Each structure stands twice: as structure tokens, then as C-alpha cells.
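Please look through the sequence and the model below before reading on. The report that follows takes up charged pairs, then a sheet, and then the helices beside it.

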Amino acid sequence: MNGLIGRLARHGVSFLGSAELSVRGRTSGRTQRIPVNPHTYRGEQYLVSARGHSQWVRNMRAAGAGELRVGRKVRAFTATEIPDSEKLPILRSYLERWGWEVNQYFQGVTAKSSDAEIIAAAPDHPVFLISMDS
């Protein structure tokens, strides 16, 4: 499914707000592409890794920047990782919007879970604030 969503985004079709993330590989230097669900919370845009500390997360930590693509529209951005202590409202909002797609990766934690349950899950789900380059 990820491959299909990524191809659709690359060709200008965004599935419910999805986009294709491009980030430089930390060891290979090659561009890695993966479909993501950019999430807007209180006017800021975030990338949340539902699948944990994946390769794109490791690459993003090393690169500190990437691109989001939907068709011909490519937006370069810089990324700042959010500390676990600040993730609660972002993760709750993300689960409200995308839970139907990602709940399986949150091991029973949903948007309706207690603050304590979401806080306990936070270290397993990196979150990046993305700032679009001018």
C-alpha cells in the first residue's frame, strides 16, 4: 500500500493529504522516498513516525531537512525533532486524524487513550516539526 500511495503522490494525487517524503540517506547519500501523512496541529506542520524509529527517521535526524512532493509541487523543509515531553497534544491530534490508518502501530493506544498512555507511547513515535523553506 505504501508504494501505491507514494506513486500516487509523485503523480499529483494526494490520498487524504498524503505526500511523498524525500530525505537523503545518512550512509548511502541516496535519496529515500516514502509516503507520509503530514499533520497540521495549531498552524504548524509535523511528520509523525507511526512505525517508530524507522530508516526515514534516522535519515531525517542526520539530514535535518527533506522535501515533500505531491505531483510537480515540491516543498523543501527543515526538520526539528520534538522532545517526548511535548508530543502529547500532537500525538493525540494525529491519532484523531490518522488513527484509522496507524492504530496498529500504536499497540492499543488511540486518540481516546489517557494522557498517561499516550505519554508512555511517545518515545516509540518520533515527531518532527517541519518548517518550509522560503
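Predicted model: local features only at pLDDT ≥ 70, side-chain atom pairs only at ≥ 80, totals over all residues.

Arg61 belongs to helix α2 whereas Glu81 belongs to strand β6, so the pair ties together parts that lie 20 residues apart in sequence. Arg61 is partly exposed, with a relative accessible area of 38%, and Glu81 also counts as partly exposed, at 32% relative accessibility.

## Other salt bridges

The structure holds four salt bridges, and one of them joins Asp84 to Lys87, with 2.7 Å between the closest N and O atoms. Asp84 is partly exposed, its relative accessible area being 38%, while Lys87 has a relative accessibility of 1% and counts as buried, because buried means under 20%.

Arg92 and Asp115 also meet through their side chains in a salt bridge, at 2.5 Å from N to O. This pair links distant parts of the chain, since Arg92 is in helix α3 and Asp115 is in helix α4, 23 residues apart. Arg92 is buried, with a relative accessible area of 18%, whereas Asp115 is partly exposed at 42%.

## The sheet

Seven strands make up an open sheet with antiparallel pairing, in the order β2-β1-β5-β6-β7-β4-β3. Strands β2 (31-36) and β3 (39-41) stand at the edges with a single partner strand each, so one side of each is left without a neighbour in the sheet. From one strand to the next, the twist averages 40 degrees.

Within this sheet, strand β4 (residues 44-48) pairs with strand β7 (residues 127-132) in the antiparallel sense over four bridges, and Leu47 has Phe128 in β7 as its bridge partner.

## Helices beside the sheet

Helix α2 (residues 55-63) lies across β1, β2, β4, β5, β6 and β7, and runs at about 55 degrees to β1. Helix α3 (residues 88-102) packs on the sheet as well, touching β3, β4 and β7, and its direction makes about 130 degrees with that of β3.

Which residues of α2 are buried? They are Trp56, Val57, Asn59 and Met60, and they cover an arc of only 165 degrees around the axis, which puts them on the same side of α2. These buried residues pack against β1, β2, β4, β5, β6 and β7. Just after α2, Gly64 takes a positive phi of about 70 degrees.

Technical notes
Residues numbered from 1 in each chain as written. Heavy atoms only, no water. Pairing = 2+ DSSP bridges. Helix = DSSP H or I, 4+ residues; strand = E, 2+ residues; numbered from the N terminus. Axes fitted to C-alpha atoms, helices over the stretch in contact; angles between N-to-C directions. Contact = heavy atoms within 4.5 Å. Buried < 20%, exposed > 50% of the residue type's maximum accessible area, 1.4 Å probe, protein only. Arc of directions from axis to C-beta.
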